[in-house]
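Q: How should I read helix packing, burial and backbone angles in a model like this one? Please take the features one at a time.

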Amino acid sequence: MWGLVSAIIEAKNLTYDYDLGENVKINALNDLSLTVREGEYLALIGPNGSGKSTLARHFNALLLPTSGEVWVDGLLTSREENRWEIRRRAGMVFQNPDNQIVATTVEEDVAFGLENLGLEPPLIRERVAEALEMVGLQGFARHAPHLLSGGQKQRLAIAGILSMRPRCLVLDEPTAMLDPRGRGEVMEIVRKMNRRENITVVHITHFMEETLEADRIVVMDRGRVVLSGMPVEIFSGNADLASLGLEVPTIPRLARMLREGGLQVPKEVLNVDELVSSLC
Ligand SMILES: Nc1ncnc2c1ncn2[C@@H]1O[C@H](COP(=O)(O)OP(=O)(O)OP(=O)(O)O)[C@@H](O)[C@H]1O
Ligand SMILES: [Mg+2]
């Protein structure tokens, strides 16, 4: 059943068509195969309409393949009886923080999913406190979620997922509506969960800077995976991102220009610190 023991998400020959009725279909994923390894931090990038969100929704059984298969932590998404367990194990965070709030206090919001799982109240209280602590929102338990900042709201959404002890976090442009500080807060929590708790992360973003610390970047175009590699391979190699309408992040772009201008800047330079230490 499993090619690799270490695979946590596997899409096999996945095709998905949105059915608009009257025989009108939009093909969003086209025979796509992708394996996400356990513990991996995978950044998923690609132009608008390339199929990133459609793919992410398959990882959480919100969408089911038109053809092909998706496996999440050993569970086939198309089996009805697997659906809730898949949603618990692969929690999803969306772009708009306001759409993810379901309760009138922070603690009730985190407790919501746990109550649906049917856990006992003392265990729920313990898990809520633990999850709020993990995202740095301890002390906000009785606050009204709609009064939080955008970054705090996204951290609250992440806490709701963490309280369910997931194996995987699937984030679809979680920082798109946040200011730089909110973006930083969310990125820090996500990285911490990946490194400390070994939670697998699939992070969709249009902010190329956010992908620099990923273990791997997967680039999509027109419903397919067109590139896959470490950040240094994607941004410092010969990959033609411009033709996909994607930008190379500032530092690797600058490093390349300096190299072309004759300075000794190694190819691996991706961030400010690395650039400064290579120049000074
Ligand atoms: N609910 C829907 N009904 C019909 N077609 C859809 C729907 N959602 C997406 N599509 C189409 O499916 C294709 C893939 O869209 P998707 O939203 O997955 O792309 P994306 O890579 O997430 O884009 P973006 O960067 O804009 O978020 C596009 O052609 C899009 O128009
Ligand atoms: Mg999208």
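A: Start with handedness. A crossing is right-handed if the near helix is turned clockwise from the far one by less than a right angle, and left-handed if anticlockwise. This is a predicted model. In this model, H3 and H4 cross in the right-handed sense.

Q: Which numbers describe a pair of packed helices?

A: Two packed helices are described by the angle between their axes and the distance between the axes. Here, helix H3 (residues 106-117) packs on helix H4 (residues 121-134) at an angle of about 125 degrees. Their axes are 9 Å apart.

Q: What is the orientation of H3 and H4 to each other?

A: The angle classes decide. Angles over 145 degrees count as roughly antiparallel, and 65 to 115 as roughly perpendicular. H3 and H4 are therefore oblique to each other.

Q: Which residues in H3 and H4 meet?

A: From H3 come Glu107, Val110, Ala111, Leu114 and Glu115. Facing them in H4 are Ile124, Arg127, Val128, Ala131 and Leu132. By class, this contact holds 7 nonpolar, no polar and 3 charged residues.

Q: How do the axes of H3 and H5 cross?

A: Use the angle and distance again. The axes of H3 and H5 come within 7 Å and cross at roughly 40 degrees. This crossing, too, is right-handed. On the H3 side, Val106, Asp109, Val110, Phe112 and Gly113 take part. On the H5 side, the partners are Leu156, Ala159 and Gly160. The contact divides into 5 nonpolar, 2 polar and 1 charged.

Q: Which residues in H3 are buried?

A: Count C-beta neighbours: 20 or more others within 10 Å make a residue buried. In H3, the buried residues are Val106, Glu107, Asp109, Val110, Ala111, Gly113 and Leu114. Their cover includes H4 and helix H5 (150-162). After H3 comes Gly118, with a positive phi near 80 degrees.

Q: Which residues touch the most other members in the largest nonpolar core?

A: That core has 70 residues. Leu42, Ala159, Leu169, Val170 and Val202 touch the most other members. H5 supplies the largest share, 6 residues. Take Ala159 as an example. Leaving aside neighbours within four places in sequence, Ala159 contacts Val110, Ala131, Leu132, Met134, Val135 and Leu137.

Q: Where are Glu22 and Glu173 found?

A: Both sit in loops. Glu22 lies between strand S1 (7-21) and strand S2 (24-37). Glu173 lies between strand S7 (168-172) and helix H6 (180-197).

Q: Where is Leu64 found, and between which elements?

A: Leu64 is in the loop between helix H1 (52-58) and strand S4 (67-72). With 15 C-beta neighbours inside 10 Å, Leu64 counts as partly exposed. Beyond its neighbours within four places in sequence, Leu64 is in contact with Thr77 and Ser78. Separation can be given in sequence and in space. Leu64 and Glu210 are 146 residues apart in sequence and 29 Å apart in space, C-alpha to C-alpha.

Notes
Residues are numbered from 1 along each chain as its sequence is written. Chains are lettered from A and ligands numbered from 1 in the order in which they are written. This is a predicted model: local features need pLDDT of at least 70, side-chain atom pairs count only at pLDDT 80 or more; totals for chains, interfaces and linings use all residues. Axes are lines fitted to C-alpha atoms, for helices over the stretch in contact, and angles run from 0 to 180 degrees between N-to-C directions. Helices (H or I, at least four residues) and strands (E, at least two) are DSSP runs, numbered from the N terminus. Angles under 35 degrees count as roughly parallel, over 145 as roughly antiparallel, 65 to 115 as roughly perpendicular and the rest as oblique. Two residues are in contact if their C-beta atoms, placed from the backbone, lie within 7 Å. Ala, Val, Leu, Ile, Met, Phe, Trp, Tyr, Cys and Pro count as nonpolar, Asp, Glu, Lys and Arg as charged, and the others, Gly among them, as polar. A residue is buried if 20 or more other C-beta atoms lie within 10 Å of its own, exposed if 12 or fewer, and partly exposed in between; C-beta atoms are placed from the backbone. A nonpolar core is a set of buried Ala, Val, Leu, Ile, Met, Phe, Trp, Tyr and Cys residues joined through C-beta atoms within 7 Å.
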